[in-house]
Amino acid sequence: TIILTAVILLARSLRAPRWMVSGIAIGALVLFVLLVGADASVMRAAVMGGIGVMAALGGRPRRLGAMLSATVMVLILLTPALAVSFAFILSTLATVGLIVVGQPFSRWLSKFLPGWLATLLAIPLAAQLVCAPVIVLLSPQLAVYAVPANVAATPVVALVTVIGTLIIPMALVSPVLARLLADVAGVGAQWVALVARWFAGLPGSAIPWPDGIGGMFLMSGFSALCALALWAGLHRAELGAARRNLLTSTPAPLAPALKFPGALVCLGLAAGVAAWSLRAVGTF
């Protein structure tokens, strides 16, 4: 996506017609796949990008969910083994998270954060909550600092990707300039490594989690509770009004049960799930 965006912006800045921009973009996708290797996540991104370019060329509105569905269907029909590839599954789930809950998270967080910061937090949060149930099948643990680590690494990702890709053609033209670009991209890559190592070294960075299908369903419930707690915490006024209306129509003996804040209930349930998981893996 980063490479495709950079290529399209460059072609448009040169006032190229739409058909030429689309051709350049598809050509860039093909070259990028050949450069980095056609693994599962790269193929998913490339095919989805190609479908998006064709949709833009045909003047049709971009429907990300439909494009992702078409991408998954095409790739699995061509290579059925992708259906059980963790790389492909996680890549697809991350995209689903951005499409389905990324924008709602951004809107909720923008109520008390600047728009750019709300988006910066919403993207890794959405991807983490959706991917976490599958991640525990690979590594049965809860990565406590995954979201802040991704937020800290995000600012340099586009820089490293674009400059790192430019090094290949630049090396054929000017090895000295290519070396300079490699040094710049290397600084960004070192920052990502520094962030990863620092967060991984913090106390409690990885909490043990039950493995197998049970751990997957448990993490699914935990992710849902975290999303519900976020929603409840950012919609206190609406929840308060709904609770008052509910209290007026609830029999007196049952009314006390409705006076607990929804966010605290969700957080309590999430804490209970986490405690149960720690007990299940023998931590305490």
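This is a short talk on one protein chain and a few places in its structure.

Before anything else: the model is predicted. Please keep that in mind throughout.

Let's start with the whole chain. The protein chain has 284 residues, and buried residues make up 32% of them. It has 11 helices and two strands. Walk along it from the N terminus and the order is α-α-α-α-α-α-β-α-α-β-α-α-α. Now the contacts. Take those between residues at least 6 apart in sequence. Of these, 68% join residues at least 24 apart.

Next, a pair of helices. Helix 4 covers residues 64–78, and helix 5 covers residues 86–109. Their axes come within 10 Å. They cross at roughly 170°. How do the two helices run relative to each other, parallel or antiparallel? An angle over 145 degrees counts as roughly antiparallel, so helix 4 and helix 5 are roughly antiparallel to each other.

Who makes the contact? From helix 4 come Leu64, Gly65, Leu68, Val72, Leu75 and Ile76. From helix 5 come Phe88, Thr92, Thr95, Val96 and Ile99. Sort the residues of this contact by type, and you get eight nonpolar, three polar and no charged.

Is Ser91 buried or exposed? Its relative accessibility is 12%, so Ser91 counts as buried, because the cut-off for buried is under 20%. Set aside its neighbours within four places in sequence. Ser91 is then in contact with Ser41 and Arg44.

Now helix 6, residues 115–138, where we find Ala126. Its relative accessibility is 0%, and Ala126 counts as buried. What does Ala126 touch, leaving aside its neighbours within four places in sequence? The partners in contact with Ala126 are Gly97, Val101, Gly102 and Phe105. There is also a distance to look at here. Ala126 and Val100 are 26 residues apart in sequence. In space, they are 8.6 Å apart, C-alpha to C-alpha.

Here is another such pair, with one end in helix 7. Val157 is found in that helix. Val157 is partly exposed, at a relative accessible area of 38%. Val157 and Gly188 are 31 residues apart in sequence, and their C-alpha atoms are 7.4 Å apart in space.

On to the aromatic rings. How many aromatic pairs does a search of the whole structure find? The search finds four. One of them is Tyr145 with Phe199. That pair is tilted, at 6.2 Å centre to centre, with 45° between the planes. Where do the two residues sit? Tyr145 lies in the loop between strand 1 (141–143) and helix 7 (146–173). Phe199 lies in helix 8, residues 175–200. So the pair ties together parts that are 54 residues apart in sequence.

How covered are these two? Tyr145 is partly exposed, with a relative accessible area of 24%. Phe199 has 14% relative accessibility and counts as buried. Phe199 has a second ring partner, Trp198. The centres of those two rings are 5.0 Å apart, and their planes stand at 85°. That angle is over 60 degrees, so this pair is edge-to-face. Trp198 itself counts as exposed, at 53% relative accessibility.

A word on cysteines. How many disulfides are there? The count comes to zero. Cys131 is buried, with a relative accessible area of 7%. Cys226 counts as partly exposed, at 26% relative accessibility.

Last stop, a backbone angle. Most residues other than glycine have a negative phi. Arg15 is not a glycine, yet its phi is positive, about 60°. Where is Arg15? Look in the loop between helix 1 (2–13) and helix 2 (18–36). Is Arg15 buried or exposed? Arg15 is exposed, with a relative accessible area of 76%.

That's the tour. Thank you.

Technical notes: Residues numbered from 1 in each chain as written. Predicted model: local features only at pLDDT ≥ 70, side-chain atom pairs only at ≥ 80, totals over all residues. Heavy atoms only, no water. Phe/Tyr/Trp six-rings, centres within 6.5 Å; stacked < 30°, edge-to-face > 60°. Helix = DSSP H or I, 4+ residues; strand = E, 2+ residues; numbered from the N terminus. Buried < 20%, exposed > 50% of the residue type's maximum accessible area, 1.4 Å probe, protein only. Axes fitted to C-alpha atoms, helices over the stretch in contact; angles between N-to-C directions. Parallel < 35°, antiparallel > 145°, perpendicular 65-115°, else oblique. Contact = heavy atoms within 4.5 Å. Nonpolar A, V, L, I, M, F, W, Y, C, P; charged D, E, K, R; others polar. Disulfide = S-S within 2.5 Å.
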